[in-house]
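Here is a friendly walk through the model on your screen. Keep the viewer open and follow along as the residues come up.

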Amino acid sequence: MAAADVLDRGRESFERQAWADAYAQLSAADQESPLEPEDIERLATAAYLVGRDADSIDIWTRAHHELVRRGDVERAARCAFWLAFILLNKGELVRGGGWVARARRLLDDGQRDCVEQGYLLWGVAARSIFEGDSTSACATFARAVEIGERFGDQDLVTLARVGQSRALLWLGETAAGVALLDEVMVAVEAGEVSAIVAGDVYCSVIEGCQEIFDLGRAQAWTAALSRWCASQPELVAYRGQCLVHRAEIMALRGAWRDAMEEAERASERFLKGPDHPAAGAAFYQQAELYRLRGEFAKAEDAYRQASRWGREPQPGLSRLRLAQGQVGAAQAAIRRAAVEATDRVMRSTLLAAYVEIMLAAHDVAAARVAADELSAMARDLDAPLLGATAATAQGAVLLGEGDARAALQALRHAWTAWQELEAPYEAARVRVLVGLACRQLGDQEGSEMELDAARGVFQQLGAVPDLARVQALSQTKAAKKAGGLTAREVQLLRLVAAGKTNRAIAAELVLSERTVDRHVSNIFAKLGVSSRAAATAYAYEHQLI
C-alpha cells in the first residue's frame with residue numbers, strides 16, 4: 001500500500017474513532033515519511049486513547065518542537081497544553097507545570113490574544129486544585145471559560161466549566177456546582193467535544209457526583225460513560241474507570257457477582273497498561289466484595305494490592321480486622337486513617353466504619369463523636385446516601401448508649417433511606433440493629449422477625465459473616481432441645497460451633513473475655529462435654545445451628 005494510502009486510511013480511522021487502527025496506520029505512514037504537524041497531533045491523540053501514554057507524551061513533544069521550529073507558536077503552545085493535561089492528570093505536577101510555563105513564555109506571558117491563553121489558564125487552575133486552593137482555581141477556570149466562549153472553542157469551554165463545577169463543589173456551593181455539571185454533560189452527550197475531552201469530563205462528572213453523594217446522577221452518567229466506551233471498541237483510556245464506577249454502583253445495589261466481574265476486568269485492564277491510580281480503586285472494590293462474602297484471605301491480598309497501587313486500604317481493612325476478631329488492630333488502624341482523612345467522601349466512609357469499630361471496642365463516647373460529625377455532614381449536603389449512612393450511625397450509637405427507643409426511630413429512618421436507594425445489604429444490616437433494639441425493649445417476637453428478614457437478604461447476597469452473626473443472635477431455636485441452656489448460652493454455643501475463639505466472641509457480643517470464658521465453662525458443664533469439638537457436635541445434633 002502506498003504511503004499516501006496508508007496516511008489516508010489513518011486519517012479515516014481517526015475520524016470514525018477506530019483509535020487502534022488510526023495509531024497503527026499513522027505510525028506506518030510516519031515511518032515512510034515524517035508526518036506533518038496536524039497528523040502528528042492525530043497520532044498523539046490516538047496513542048493516548050489506546051492507553052499508550054508514554055508514546056503520546058513523546059509524540060506531543062515532537063509536535064511541539066516542530067511547530068516551534070516553524071514559528072507557529074500558538075499551535076506549539078496548544079501541544080504544550082496537551083502535554084500538561086496528560087501529566088497533571090497523572091499527578092506529575094512538576095512536569096505538567098513546566099509545560100504550562102513554557103507555553104506561557106511562548107505566548108509572551110499573556111500578551112498574545114489567542115484561545116491558547118485559555119487552555120493555559122486551565123493548566124494553572126488544575127494545578128491549584130491539586131494543591132488544594134479551590135478558590136483560586138474556581139476564578140481561573142471562570143476566566144478560561146470566558147476565553148473559550150469568545151473564541152468559540154467548545155473543548156476549552158467544556159473542560160474549564162467542569163473544572164469550575166468541581167471547584168464549586170469543594171467550596172460547598174453544591175447547587176451551583178451541580179447546575180454546571182449538568183450543563184457540561186449536554187455538550188458531551190451532543191458530541192460537541194473531542195474524544196479526550198469527552199472521556200475526561202465523563203470521569204470528572206462522575207467523581208463530582210460521588211463527592212456530593214448524588215447516587216442517582218452518578219449512576220446515570222456511569223451508564224452514559226459505558227455506552228460511550230462501547231461505541232469505541234478500540235478505546236482503552238477511560239474504560240477502566242468506567243468499569244470501576246460500574247462495580248461500585250453494582251455492589252451497592254446488591255449485584256455482587258456482576259460487581260466482582262467488573263472490578264476484575266478493570267484491574268486486568270489497568271495491569272496491561274501504564275501505571276494508573278484507578279487500579280488501586282479496582283483492587284479495593286474486589287477486596288470489599290471478598291470481605292463481605294467472607295473470603296478473608298482473598299480480601300487481605302486485594303487490600304494489599306490496592307495499597308501498592310496507591311489506594312488507602314481503609315476503612316475496608318479495618319472492617320476486615322474486626323470481622324477476624326482483631327478489635328485492637330481495627331481500632332488502631334481506623335483511628336490513624338481518620339486523623340489523616342480530609343477528603344469528604346473518604347472521611348464519610350471512614351467515620352461510618354469508625355462508629356462500628358468503636359462500638360465493638362466499647363468506646364461509645366468516641367463512636368458518638370464520629371456519628372455526630374457524620375450527621376453534620378449529612379445536614380450540610382442534604383444527600384440521601386450520606387443521610388442514610390448518618391442515620392445508621394446514630395441508631396447504632398443510641399443502641400450502644402442504651403436508648404433503644406430513640407435508636408429505633410433513627411434506624412427506621414435509615415432503613416427507609418437504604419430501601420429507597422435500593423441498597424439491600426445496608427438495609428439488612430440496619431434491620432439487625434432494629435432487631436437488637438426491639439430485644440432491648442422486651443419485644444422478642446419483633447426482634448426475631450427483624451433478624452429473620454435480615455437473614456434472608458444475607459443468604460441471597462452470600463454475605464457469609466453477616467449471616468453467621470444473625471444466626472448467632474437469633475433465639476428462635478433457643479427453646480428447642482437446648483439442654484437447659486439459657487438464650488445467651490445458646491447464642492455463645494453457636495459462635496463456638498462457628499469456630500470463633502473466646503476473644504472473637506467477646507468482641508462480637510461486646511462482652512469481656514472473662515465473661516465469655518465463664519459462659520463457655522457453664523455450657524460445657526450443662527451439656528456434659530469437655531471440648532469445643534464436642535460442644536459443636538451437640539449443637540448440630542440438636543439443631544441449634
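Predicted model: local features only at pLDDT ≥ 70, side-chain atom pairs only at ≥ 80, totals over all residues.

## Ala-338 and its neighbours

Let's begin with Ala-338, which is in contact with Arg-347, Leu-350 and Tyr-354 once its neighbours within four places in sequence are left aside; contact here means heavy atoms within 4.5 Å. Ala-338 belongs to helix α18 (residues 327-340). Helices in this report are DSSP runs of H or I with at least four residues, strands are runs of E with at least two, and both are numbered from the N terminus. Ala-338 has 10% relative accessibility and counts as buried. Buried means under 20% relative accessible area, exposed means over 50%, and partly exposed lies in between, using a 1.4 Å probe and protein chains only.

Residues are numbered from 1 along each chain as its sequence is written, and side-chain values use heavy atoms, with hydrogens and water left out.

## The whole chain

Zoom out, and the secondary structure of the chain comes to 29 helices and 0 strands. The C-alpha atoms fill a box of roughly 95 × 50 × 35 Å along the principal axes. Of the 545 residues, 56% count as buried. Among contacts with a separation of 6 or more, 56% join residues 24 or more positions apart.

## Helix α4 and two partners

Helix α3 (residues 37-49) packs against helix α4 (residues 53-70) at an angle of about 165°, and their axes are 8 Å apart. The axes are lines fitted to C-alpha atoms, for helices over the stretch in contact, and the angles run from 0 to 180 degrees between N-to-C directions. The pair α3 and α4 is therefore roughly antiparallel; angles over 145 degrees get that label, those under 35 count as roughly parallel, 65 to 115 as roughly perpendicular, and the rest as oblique. The crossing of α3 and α4 is left-handed, a term for a near helix turned anticlockwise from the far one by less than a right angle, while clockwise is right-handed. Residues of α3 in this contact include Ile-40, Leu-43 and Tyr-48, and those of α4 include Ile-59, Trp-60 and Leu-67. By class, the contact of α3 with α4 has 10 nonpolar, 2 polar and 6 charged residues. Ala, Val, Leu, Ile, Met, Phe, Trp, Tyr, Cys and Pro count as nonpolar, Asp, Glu, Lys and Arg as charged, and the others, Gly among them, as polar.

Helix α4 also packs with helix α6 (residues 93-106), at an angle of about 15° and with the axes 13 Å apart. That makes α4 and α6 roughly parallel. The α4 and α6 crossing is left-handed. Ile-57, Thr-61, His-64, His-65 and Val-68 of α4 make the contact with Arg-95, Trp-99, Arg-102 and Leu-106 of α6. The residues of this contact of α4 with α6 divide into 4 nonpolar, 3 polar and 2 charged.

## Cysteines

How many disulfides does a search of the whole structure find? The search gives 0, where a disulfide is a pair of cysteine sulfur atoms within 2.5 Å. For Cys-203, the closest cysteine sulfur is in Cys-229, 7.5 Å away and too far for a bond. Cys-203 is buried, with a relative accessible area of 7%, and Cys-438 is buried with a relative accessible area of 7%.

## Loops worth a click

Phe-213 sits in the loop between α11 (195-211) and α12. Phe-213 has a positive phi of about 60° although it is not a glycine, and this residue is buried, at 7% relative accessible area. His-362, in the loop between α19 (344-360) and α20 (364-381), has a positive phi of about 65° and is not a glycine either. His-362 is partly exposed, at 45% relative accessible area.

Finally, visit the loop between α16 (296-308) and α17 (316-323), where Pro-315 lies. The peptide bond from Gln-314 to Pro-315 is cis, with omega near 5°.
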